[in-house]
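Work through the exercises below with the sequence and the 3D structure at hand. Try each task before reading its solution.

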Amino acid sequence: MFDVVVIGAGQAGLAAAYWLQRRGLVPWRDFVVLDRNDGPGGAWRHRWPALTLGRAHGIHDLPGLPLGEPDASRPASEVVADYYGRYEREFGLPVERPVRVDRVEAESRDPEAPLVVRAGTRNWRTRLVISAAGTWTKPFVPHVPGIGSFEGHQLRTVDFWGAEEFRGQHVVVVGGGLSAVQFILMLEQAGATTTWSTRRDPDWVDDPFDERWGVAIEERVDARASAGLVPFSVVRNTGIPPWPEYLAARDRGRLVSSGPIRRILPDAVEFASGETVLADAILWSTGFRADLDHLAPLHLREPGGGIATRNGVEVARDDRVLLVGYGASASTVGATRAGRRAALTALTRLTADSLVG
C-alpha cells in the first residue's frame, strides 16, 4: 500500500511529488504519480502550436529546477513538455503513464480506511490521495438557446489547433479571458473576421501581473471554494492586461465586445443588444471546470455544489483527500504553492497516523 497517490503530473502534481520526495517519501515504494497523458507536459502539451513561449501567459518555475530562458519563439507546448520531462528525470519522480483514473473509493465505511484508486482493471491502495487532475479535460460551454441548431463549426479551446482553417470565414469568439483575446488576434492575422462576445464588459486592468496580483486573485477565488460553493474560474478574476498589441487591437475595434448572446440561429448569432451577425464558426473560449469526476464515489460535494476546502487544499468532508488544481490553485499562479502545501499537509497527516499507530 502506498502512503500517497498523486493523480496528475502537471505543474501542481509535480510540485507535490517533489516535496513528498524531498521530505523523505521514497518514490515507487511510498508514493506514485498517475498521469493520463502519453508524455510529460500536463495540459500544456495540448496547446495550439501558434502559442509560443513568448505569447504564453503564466509559465512558472517548478521547485528546485528553474525553467531558465528558452527560445521565446518555440511553441509553449514543446518548451513545457521538455521542461517537465527534464524535471521528472532530474528528481527521479515516479510518474506512471498513461493512466486514466476512473474513480477513487474507500476500501470500507471506516473513515480512516485506505482509499483505492482504480483505472480500468488496475488499482492502487493508498492512505492519502492528492488529486491534481486540473481542468483541461473539462471545458465548459454554457447553455445558449439554439446552440444545437447551428449548422457551422463549433469548437472549444481544447479543440483549437490553428487559425489558418478559418481564413475567409467569420468566427464568433465567446469568452472574456486571455485565450479569447489571443484567438481573436490569431484569427485576424490568418485572414478571418471575428465578433467578440462576453457576458460582461471586458475587464481591462492596469495592475501589473506580478506575485502580489496573483495572491489577490487566489484569495478571491478561494473564498468561494472554502465555503463549499462552486468556485469562479481564475480567468473570471484575472482581467486583460494593457499590453501594447491588445490595446492596439482594441483601438482598431477588434477587441470590442458585442455583449452576451441571446440565441443562436442555424447560420448566425443574435446578441442581447438585438445585433445579429452571420457566422461560419463559433469558438467557445468559456473556461473550464475542475476534473473531479473520479472523486464522486467519496461524496465530497457540499449543498452549494462545490467541495469545501480548508487552507486551499484540505477537503472538509474527507481528510484522506487533498485537492490541487481546484479553486485558486487552478492556475499557474497558485499551482506550485498548492502542490507544496498539499505535500506538506499529507506528510503531517502520515506522521500523526504513525504516532497514533
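Predicted model: local features only at pLDDT ≥ 70, side-chain atom pairs only at ≥ 80, totals over all residues.

**Exercise 1.** Determine whether strand β1 (residues 2-7) is enclosed or open.

*Solution.* Step 1: a residue is called buried when its relative accessible area is under 20%. Step 2: applied to β1, this gives six buried residues of the six. Step 3: β1 is therefore largely enclosed by the rest of the structure.

**Exercise 2.** Find which strands pair with β1, and in what sense they run.

*Solution.* Step 1: look at strand β6 (residues 122-131), which is joined to β1 by five bridges and runs parallel to β1. In this pair, I130 of β6 lies opposite V6. Step 2: look at strand β2 (residues 31-34), where four bridges make a parallel pairing with β1. Here F31 of β2 lies opposite V4. Step 3: follow the chain from β1 to β2; the path goes through helix α1 (residues 11-22), and this β-α-β crossover is right-handed.

**Exercise 3.** Describe how α1 packs against helix α2 (residues 76-90).

*Solution.* Step 1: two packed helices are described by the angle between their axes and the distance between the axes. Step 2: for α1 and α2, the axes come within 11 Å and cross at roughly 15°. Step 3: angles under 35 degrees count as roughly parallel, so α1 is roughly parallel to α2. Step 4: the crossing of the two helices, α1 and α2, is left-handed. Step 5: list the contacts; Q11, L14 and Y18 from α1 meet Y84, Y87 and E88 from α2.

Notes:
Residues numbered from 1 in each chain as written. Heavy atoms only, no water. Buried < 20%, exposed > 50% of the residue type's maximum accessible area, 1.4 Å probe, protein only. Pairing = 2+ DSSP bridges. Right-handed = clockwise from strand over helix to strand, strands pointing away. Axes fitted to C-alpha atoms, helices over the stretch in contact; angles between N-to-C directions. Parallel < 35°, antiparallel > 145°, perpendicular 65-115°, else oblique. Left-handed = near helix turned anticlockwise from the far one by under 90°. Contact = heavy atoms within 4.5 Å.
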